[in-house]
Amino acid sequence: MISFHNEWDSILKDEFQKEYYQHLRRFLIYEYTHASVYPPKENIYEALRLTDYGKVKVVILGQDPYHGPGQAHGLAFSVPAGQKIPPSLVNIYKEIERDCQVRMGQSGNLESWARQGVLLLNAVLTVRAGLPRSHANQGWETFTNNVLALLNQQNRPIVFLLWGNDAKAKQFLLTNPNHLILTAPHPSPLSAYQGFFGCSHFSKANAFLISHRQEPIDWRIE
């Protein structure tokens, strides 16, 4: 039984009975039994556990978890404290420093964002060790698309940060004019200089939240 210990429990309770999810569940049982899979089972839904449905202010959409040992812990772009900060997150920090005039620390753990209302959601929530996108097209995309569609239904304004073509492809789910959708190239070293640097998404997100009488996000990481 999956439990988020928050509002997601009632919102998603029917999702786990659907045929696609039953297929996904069987696939995951096999994978976790026969291979090294990230994140640890107990962290698969960490993003939803830390950021309740009614508390979401900002959504940052990733692709799939880091596929190296000890990196993935259930939050898109985040790694546990003590892990080397991955290249894409290094570039995210650089843009925050430029955009918000703050100094970022040495930890890649983004839990403080999640607790403020930043849903750090990957489109695919698991991956086999060393094999990026190895758990794509098994049902996760249906699950996370449904999460995005449920967030889209909220009339309380939310900021969606869509970086890279995979994330931008989710715009069809986000039809509510109350929300703000910001797009940019992916922060990967392969594309960050094509428009991620200089996008100012972090200050723009905060300006939008403030204009709708919501507390802005403190983007600083110690």
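Buried here means under 20% relative accessible area, exposed means over 50%, and partly exposed is in between, with a 1.4 Å probe and protein chains only. Strands are DSSP runs of E with at least two residues, helices are runs of H or I with at least four, and both are numbered from the N terminus.

Before I go on, this is a predicted model, in which local features need pLDDT of at least 70 and side-chain atom pairs count only at pLDDT 80 or more, while totals for chains, interfaces and linings use all residues. Residues are numbered from 1 along each chain as its sequence is written, and side-chain values use heavy atoms, with hydrogens and water left out.

Back to strand 2. Val58, Ile60 and Gly62 are on one side, Val59 and Leu61 are on the other, and all of them are buried. Strand 2, residues 58-62, pairs with strand 3 in the parallel sense over 5 bridges; to count as a pair, two strands need at least two DSSP bridges between them. Strand 2 also pairs with strand 5, again in the parallel sense, over 4 bridges. Val58 stands opposite Val118 in strand 3, and its bridge partner in strand 5 is Val159.

Now strand 3. What share of its residues is buried? In strand 3, residues 118-122, the figure is 5 of 5, so strand 3 is largely enclosed by the rest of the structure. Val118, Leu120 and Asn122 point one way and Leu119 and Leu121 the other way, all of them buried.

Leu120 has 1% relative accessibility and counts as buried. Leaving aside its neighbours within four places in sequence, Leu120 is in contact with Ala47, Ile60, Gly74, Leu75, Ala76, Leu110, Trp113 and Ala114. Contact is defined as heavy atoms within 4.5 Å. The C-alpha atoms of Leu120 and Glu46 are separated by 9.1 Å, with the two residues 74 apart along the chain.

Next, the core. The largest nonpolar core has 69 residues, and those with the most contacts inside it are Tyr45, Ile60, Trp113, Trp140, Phe143, Leu151 and Trp219. A nonpolar core is a set of buried Ala, Val, Leu, Ile, Met, Phe, Trp, Tyr and Cys residues joined through side-chain atoms within 4.5 Å. Which residues does Trp113 contact, leaving aside its neighbours within four places in sequence? They are Ile60, Ile92, Ile96, Met104, Val118, Leu120, Asp218, Trp219, Arg220 and Ile221.

A pocket is an open set of points on a 1 Å grid over the protein atoms alone, where a 1.4 Å probe fits, with protein on both sides within 12 Å along at least five of seven lines; lining residues have an atom within 4 Å of a point. Points are joined across faces, edges and corners, and a volume is the space filled by probe spheres set on them. Helix 2, residues 19-34, gives the largest share of the lining of the largest pocket, 7 residues. That lining divides into 10 nonpolar, 4 polar and 5 charged residues. Nonpolar covers Ala, Val, Leu, Ile, Met, Phe, Trp, Tyr, Cys and Pro; charged covers Asp, Glu, Lys and Arg; the others, Gly among them, are polar.

The second largest pocket has a volume of about 380 Å³. Of the 22 residues lining the second largest pocket, Asp64, Pro65, Tyr66, Ser88 and His186 are the closest to its centre. Its lining divides into 10 nonpolar, 10 polar and 2 charged residues.

Last, some backbone details. The peptide bond from Tyr38 to Pro39 is cis, with omega near -5°, and Pro39 lies in the loop between strand 1 and helix 3. Phe77 is not a glycine, yet has a positive phi of about 70°. Phe77 sits in the loop between strand 2 and helix 4. Is Phe77 buried or exposed? Phe77 is buried, with a relative accessible area of 10%. His5, also not a glycine, has a positive phi of about 60°; His5 is exposed, at 69%.
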